[in-house]
Amino acid sequence: MPVIESAKASVHGTKAAVNLYAVLRNLEELCRLDPASIALIQGKRNTIRFKIRGGPAADLIIAGGDVTMQEPAGASSIVLYFRSPEHFNKMIEGKSNPIPLRGLSRLGFLTTDFTKLTQRLEYYLKPDGGLLKDADYFAIHTRLLLNTAAYAVACIGNYDEIGRRIAARIPDGVISISIEESGQQVFLHAMKGRLQAMKSAPAVPSAYMVFDTVQSANDVLSEKADVHELIVTERLKLKGMLPMIQHMNDILAKVPQFV
């Protein structure tokens, strides 16, 4: 995950990092799970560079029926510039527009297919009560919530002043966060006070946080239950170096401030 190299970021800077690296990154997973999103990127080839003055940056690559996010590198077909992290955050909220610096001939893709993609993402991340009764919808919604939470923890641990203090207390190593029922597993790699979220482990995890079902994970991630309640009822198991999980949960509690 690309990061700002400054010692700390403003609230808007941290929120921009969460919006870019944790929320928008979900397009990777969405375009593997949601048939409507898969159809929107078929035959499309674009690299969209998000360039935020004083904030994070990333390339969103759409090619070969996949979407991937990576650090900016090489040429991009579209460059979207934002005057500040706050400007980017307003774009995510639908209250502002980016400034296109490159790819004016591809604005049609941005205003049609890409806009529909982001609407599908919002559809899954901001459900109404009725949608949650659909099992397939609920599974995708929870999968995206877990990804968002893991990447947001890394962003807050690297950017937010309090988050950085907490992250500095996490011993070096890998934390595994998983759901037994669905098999979903994400990882948080701590190294010298820096955090990196990922979907494959760089080493054998030192600590494990295991939800028994998708429902249990959703209950915690949507703030319908707290971690302690699930531990008592044995719907959540913790193993390994528990201080790593304790400090991670302290950062996890800050995620709603930025999402």
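1. Lys254 sits in the loop that joins helix H10 (242-252) to helix H11 (255-258); helices here are DSSP runs of H or I with at least four residues, strands are E runs with at least two, and both are numbered from the N terminus. Lys254 is buried, at a relative accessible area of 11% (buried is under 20%, exposed over 50%, partly exposed in between, with a 1.4 Å probe and protein chains only). Leaving out residues up to four places away in sequence, Lys254 touches Ile156, Asp160, Ile162 and Gly163, where contact means heavy atoms within 4.5 Å.

2. The model is predicted: local features need pLDDT of at least 70, side-chain atom pairs count only at pLDDT 80 or more, and totals for chains, interfaces and linings use all residues. Residues are numbered from 1 along each chain as its sequence is written, and side-chain values use heavy atoms, with hydrogens and water left out.

3. The largest nonpolar core has 76 residues, and Leu20, Leu27, Ile48, Phe50, Phe114, Leu195 and Phe211 touch the most other members. Such a core is a set of buried Ala, Val, Leu, Ile, Met, Phe, Trp, Tyr and Cys residues joined through side-chain atoms within 4.5 Å. Helix H6 (residues 135-159) supplies the largest share of this core, 15 residues.

4. Leu27, in helix H2 (residues 26-33), is buried with a relative accessible area of 0%. Beyond its neighbours within four places in sequence, Leu27 contacts Leu60, Val67, Phe114, Leu117 and Leu121. Leu27 and Leu117 are 90 residues apart in sequence, yet their C-alpha atoms are 7.6 Å apart.

5. The axes of H6 and helix H8 (residues 214-221) come within 10 Å and cross at roughly 50 degrees. Axes are lines fitted to C-alpha atoms, for helices over the stretch in contact, with angles from 0 to 180 degrees between N-to-C directions. The two helices are therefore oblique to each other (under 35 degrees is roughly parallel, over 145 roughly antiparallel, 65 to 115 roughly perpendicular, the rest oblique). On the H6 side, Phe138, His141, Thr142, Leu145, Leu146 and Ala149 meet Val214, Gln215, Ala217, Asn218 and Leu221 of H8.

6. Seven of the eight residues of H8 are buried, so this helix is largely enclosed by the rest of the structure. The buried ones are Val214, Ser216, Ala217, Asn218, Asp219, Val220 and Leu221. They pack against H6, strand E6 (173-179), strand E9 (207-211) and helix H9 (227-232). Just after H8, Glu223 has a positive phi of about 60 degrees.
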